[in-house]
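Please study the sequence and the structure before working through each solution.

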Amino acid sequence: MRVAKVAIAGVGGVGRATAMLLLSRSARYLRLYRTEVRLVAVCGSRSGLCDPRGIEPGQLDTLEPGLSGPEFMTASGADILIEAGPSDFRTGRPGLDYIRSALADGRDAIVVSKGALVHSGRELRDLTRISGANLKISGATAGALPTIDLVEHSLLGGTVLRLEGILNATTNYLLDAMTARGIGFDEALQEAQAGGFAESDPRNDTEGWDTASKLLILANFGLGLDLTMDDLVVQGIQSVTGEQIAALRTENLVPKLIGSLVRESGGVRAEVGIRTYSPADPLALVRGKNKAVRIITDAMGETVAIGSGTEPLATSAAALKDLEHILAARSAKGP
């Protein structure tokens with residue numbers, strides 16, 4: 001029987017949910033992969049916990065001050081890192097230091113936060129090639145919506161010509177509320193914040209940066225491009241007025257915040273902004289907190305995926321999908 005030792009950096013909502021879900025699936029990992037999966041370390045920015053025998057659910061509330069940082073993760077003996085901390089695409093930190101350390105040492109990394117992937121994606125891809133470590137990113141590319149799976153696996157038989165997606169749940173909820181119920185931006189935002197799925201400072205979502213980050217990750221990690229944020233035109237929804245929404249309703253058009261990528265004239269055009277669709281278009285039918293992606297390829301036509309899930313569980317499950325891919329690959333190699 002194999003043993004896989006997992007460490008989780010980041011013990012906020014997603015990190016804690018990932019830990020609890022992982023611990024609840026121990027029997028599944030034994031049955032499917034003949035692997036005992038131990039959670040040997042968790043940490044936040046200032047505290048953590050390490051137990052080589054495996055952390056139990058009740059121990060997650062007993063973190064010790066001072067146990068944190070990439071060196072702490074390395075010392076834990078974990079061979080798989082799940083990085084689920086805060087995300088800042090302008091610096092890549094704090095996740096970048098954890099991910100860089102793991103990949104350089106040949107340890108597999110499952111990344112949930114987007115910042116490091118946007119800021120230092122090329123470096124991290126190079127590290128995987130040099131060390132042979134796995135870098136999995138399902139949780140960072142719209143969570144439960146299978147975006148990266150589609151471009152990396154399902155549509156690999158064709159060339160992606162166009163990709164467009166509703167990649168941020170908060171902005172879709174806001175636009176949907178404004179369109180369907182005629183309420184203003186501020187009222188819709190207050191609803192989203194009261195519901196716990198919009199941040200107290202929502203600018204990363206409403207100004208389009210979260211959508212842009214996910215689009216860049218899909219482009220660079222999924223399609224093999226090398227774009228930066230400077231290559232994108234990014235516009236959000238923060239300035240949308242009730243009058244504009246009313247005018248679109250009279251024209252029978254539905255607005256959505258879209259991240260799009262188009263191959264044209266030997267190059268690529270990528271942007272984030274509001275686009276309008278007829279009510280019969282699949283993207284117009286994406287309501288509330290749902291997300292969606294439409295991909296058009298040369299040989300396999302048009303594929304549309306629509307999905308959502310209760311957060312943070314949905315993103316945690318996406319991260320653990322990546323874990324199962326790693327366990328399956330290790331199992332296929334034999335003892």
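Contact means heavy atoms within 4.5 Å. Helices (H or I, at least four residues) and strands (E, at least two) are DSSP runs, numbered from the N terminus. The model is predicted, so local features need pLDDT of at least 70 and side-chain atom pairs count only at pLDDT 80 or more, while totals for chains, interfaces and linings use all residues. Residues are numbered from 1 along each chain as its sequence is written, and side-chain values use heavy atoms, with hydrogens and water left out.

**Exercise 1. Describe the packing of α7 and α11, and state which residues meet.**

Solution. 

Step 1. Two packed helices are described by the angle between their axes and the distance between the axes. Axes are lines fitted to C-alpha atoms, for helices over the stretch in contact, and angles run from 0 to 180 degrees between N-to-C directions.

Step 2. For α7 and helix α11 (residues 209-222), the angle is about 20° and the axes are 10 Å apart. α7 is therefore roughly parallel to α11. Angles under 35 degrees count as roughly parallel, over 145 as roughly antiparallel, 65 to 115 as roughly perpendicular and the rest as oblique.

Step 3. The crossing of α7 and α11 is right-handed. A crossing is left-handed if the near helix is turned anticlockwise from the far one by less than a right angle, and right-handed if clockwise.

Step 4. From α7, Thr-147, Ile-148, Val-151 and Glu-152 meet Leu-218, Phe-221 and Gly-222 of α11. By class, the residues of this contact are 4 nonpolar, 2 polar and 1 charged. Here Ala, Val, Leu, Ile, Met, Phe, Trp, Tyr, Cys and Pro count as nonpolar, Asp, Glu, Lys and Arg as charged, and the others, Gly among them, as polar.

**Exercise 2. Are α8 and α9 oblique or roughly parallel to each other?**

Solution. 

Step 1. The axes of helix α8 (residues 169-181) and helix α9 (residues 185-194) come within 9 Å and cross at roughly 125°.

Step 2. α8 and α9 are therefore oblique to each other, and α8 passes α9 in a right-handed crossing.

Step 3. On the α8 side, the contact is made by Tyr-173, Leu-174, Ala-177, Met-178 and Arg-181, and on the α9 side by Phe-185, Ala-188, Leu-189, Glu-191 and Ala-192. This contact of α8 with α9 has 8 nonpolar, no polar and 2 charged residues.

**Exercise 3. Locate the second largest pocket and describe its lining.**

Solution. 

Step 1. Rolling a probe the size of a water molecule over the atoms shows where empty space is left. On a 1 Å grid over the protein atoms alone, a cavity is a set of points where a 1.4 Å probe fits but cannot get out, and a pocket is an open set with protein on both sides within 12 Å along at least five of seven lines; lining residues have an atom within 4 Å of a point. Grid points are joined across faces, edges and corners, and a volume is the space filled by probe spheres set on the points.

Step 2. The second largest pocket holds about 290 Å³ of space. It is lined by 15 residues, of which Leu-135, Lys-136, Ile-137, Glu-152 and Phe-221 are the closest to its centre.

Step 3. At least two lining residues come from each of α6 (121-131), β7 (135-136), α7 (147-154) and α13 (313-332). The largest share, 4 residues, is that of α7. The lining of this pocket has 4 nonpolar, 5 polar and 6 charged residues.

**Exercise 4. State which residues line the largest cavity.**

Solution. 

Step 1. The structure holds 1 cavity of 30 Å³ or more, and the volume of the largest cavity is about 50 Å³.

Step 2. Val-11, Gly-15, Arg-16, Ala-19, Val-42, Leu-60 and Leu-63 form its lining. Helix α1 (residues 13-24) gives the most, with 3 residues. By class, the lining of the largest cavity has 5 nonpolar, 1 polar and 1 charged.
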